[in-house]
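I opened the model to look up a helix pair, a strand residue and one further helix. My notes follow the display.

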Amino acid sequence: MTENVPLIVIGAGPAGLCAAAEATSAGVQTLLLDEQSAPGGQIYRAMGHTGQQGRAILGADYTRGESLMQVLESGLLDYRPGAGVWQVTPEREVYFTIAGKARTLRAERLVLATGAMERPMPFPGWTLPGVMGAGAAQVLLKSSGLVPDGGVVLAGSGPLLFLVAGQILNAGGRIAALVETTPRGNLARALPYLPAMARKPSYLTKGLALLAQIRRAKVPHYRGAHGLTACGRDRVEALGFTLGVRAHELPCQVLLLHQGVTPNLQITRALGLAHDWQPLARSWRPRLDAWGCSEIEGIAVAGDGGGILGAQASAHQGRLAGLQAAFQLGKLSQAERDAKAGPIRRALAVERAARPFLDRLFRPAEEFLNPPDETLVCRCEEVTAGQIRGYVALGCLGPNQTKAFGRPGMGPCQGRLCGSTVSEIIARARGVDMQEVGAYRIRPPIKPVTLAEMAAMDET
Amino acid sequence: MPNASLFRRLPDPKRRTVAITFEDRTVQAREGDSVAAAMLAAGMVTARRTPVGGAHRGPYCMMGVCFDCLVEIDGTPNRQACMVEVREGMRVRPMTGAPGLGKAPAHD
């Protein structure tokens, strides 16, 4: 018999920590599984290890995470770091491996708080060593105190690009250039939604402060760049791009890319949940109710894994999911749940108000959603955008069919890096919308697990 | 060629130094580093050669998503270098080309 746990929360970022906090304070025994070795998710990564100097570099928003860690003191919480969850079934069985030992537990209620990943930014040469996500550089800074220094170019779009630039400068690093790819028309399309940002003025003031910091540091800032190409033989040596009609080439040893973040959907996809395409956010998101509950009984999603709203909104959504789980498990009355949920919902509405402006302002340029033919789209199986278009010309209708033609999405990352791009390319080539094209089917195990680990499981 | 000037370390006296080997080279990492961070700190950007085209690849996402930093750690192939913390004496080798049942081909 598989052991039962009242509540399992997967992911110890802001959503998962807050779900666990609400549930445990209502008296629910909670198991919190997290893939990382320390709590906080990507946003509050290495919070416990960062000294005063680190806090000064990473800024005030980062230290906000400290209060979320209090739940770890709860006697009702069983927190297991380093847990790779490789299967979740609709019956709420959770299979995971910690330190080479696999096991399974069944949850009466399950909250998926698997967060976000950086939206892949495919263009020719983006697979060269030395080309990394801007978020990846932030991980290196938070976890290992590593500051990219000299020959560093940041390219792309979105708030995190500027935040990482600011943090590198705070840490004394040098930035050779910031190459912004935000399409020039975006600002005009976003401006009508600016008044709603007045409910969340801190986002605007922070953004403007970062731009001023980058200007003060005299970082060359190119705007409206297109036609990006990373050049180099065995590692990146330069970034080529075009401004207007003029071609530029900047030498670099580290090229940091960013064009927003997108939900991490491996578990919700593997569960077979319905997902809806968000044309503005250019992302899929699982269909959820106002508590984050999915269409499968007892399984909820909280935080950026249910659609990108940011760290503070994720915390609010985590609290709502935790309250609902406590209510469903009989630890809170409906009245108690609703009384606690009221202020949380109001705070969440403020966070939502910022999205229409931000999503329009930072909508990725078309060339990174539907990249040129020679771009490797599937990094694992090395399939180009041109090959995907070729499969469509042969009659291929959707991403799952492309696997039979050329194996995109079938390598170790299981389509995490190419999935949305393959669907976007097919949608344009066929002239249909994303909902009709669909997405890769994801099958367990969603993380590598060895046969020996499975064979040694005491519960099968 | 390794290039030591890619990343600079902020001092952290609380963390001990940990020695690992990458191929035949000894690398001084810091306690709490992932293997991928230790490699990058030492100026090494290539973790593997791809099975399909033999292209060089290195850490890209640093959070366990992209699987481009796959390395062999203490004899176990296909480990995500960004998800494994360094341990004293750890032996890391790049993954080269297509996996096989026999001895892995030598890395050139």
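I looked up which residues join the two helices: A:A385, A:I388, A:R389 and A:V392 in α13(A) meet A:V422, A:I425, A:I426, A:A429 and A:R430 in α15(A). Contact here means C-beta atoms, placed from the backbone, within 7 Å. The residues of this contact divide into 7 nonpolar, no polar and 2 charged.

This is a predicted model, in which local features need pLDDT of at least 70, side-chain atom pairs count only at pLDDT 80 or more, and totals for chains, interfaces and linings use all residues. Residues are numbered from 1 along each chain as its sequence is written, and chains are lettered from A and ligands numbered from 1 in the order in which they are written.

I then checked the axes of α13(A) (residues 385–393) and α15(A) (residues 419–430), which come within 10 Å and cross at roughly 45 degrees. That makes α13(A) oblique to α15(A) (under 35 degrees is roughly parallel, over 145 roughly antiparallel, 65 to 115 roughly perpendicular, the rest oblique).

Next I looked up B:V18, in strand β2 (residues 17–22) of chain B. Beyond four places in sequence, the contacts of B:V18 include B:A29, B:R30 and B:V86.

Last, I checked α4(A) (residues 134–144) and found 11 of its 11 residues buried, A:K142 among them. A:G145 follows α4(A), with a positive phi near 60 degrees.

How values were computed: Axes fitted to C-alpha atoms, helices over the stretch in contact; angles between N-to-C directions. Helix = DSSP H or I, 4+ residues; strand = E, 2+ residues; numbered from the N terminus. Nonpolar A, V, L, I, M, F, W, Y, C, P; charged D, E, K, R; others polar. Buried ≥ 20, exposed ≤ 12 C-beta atoms within 10 Å, placed from the backbone.
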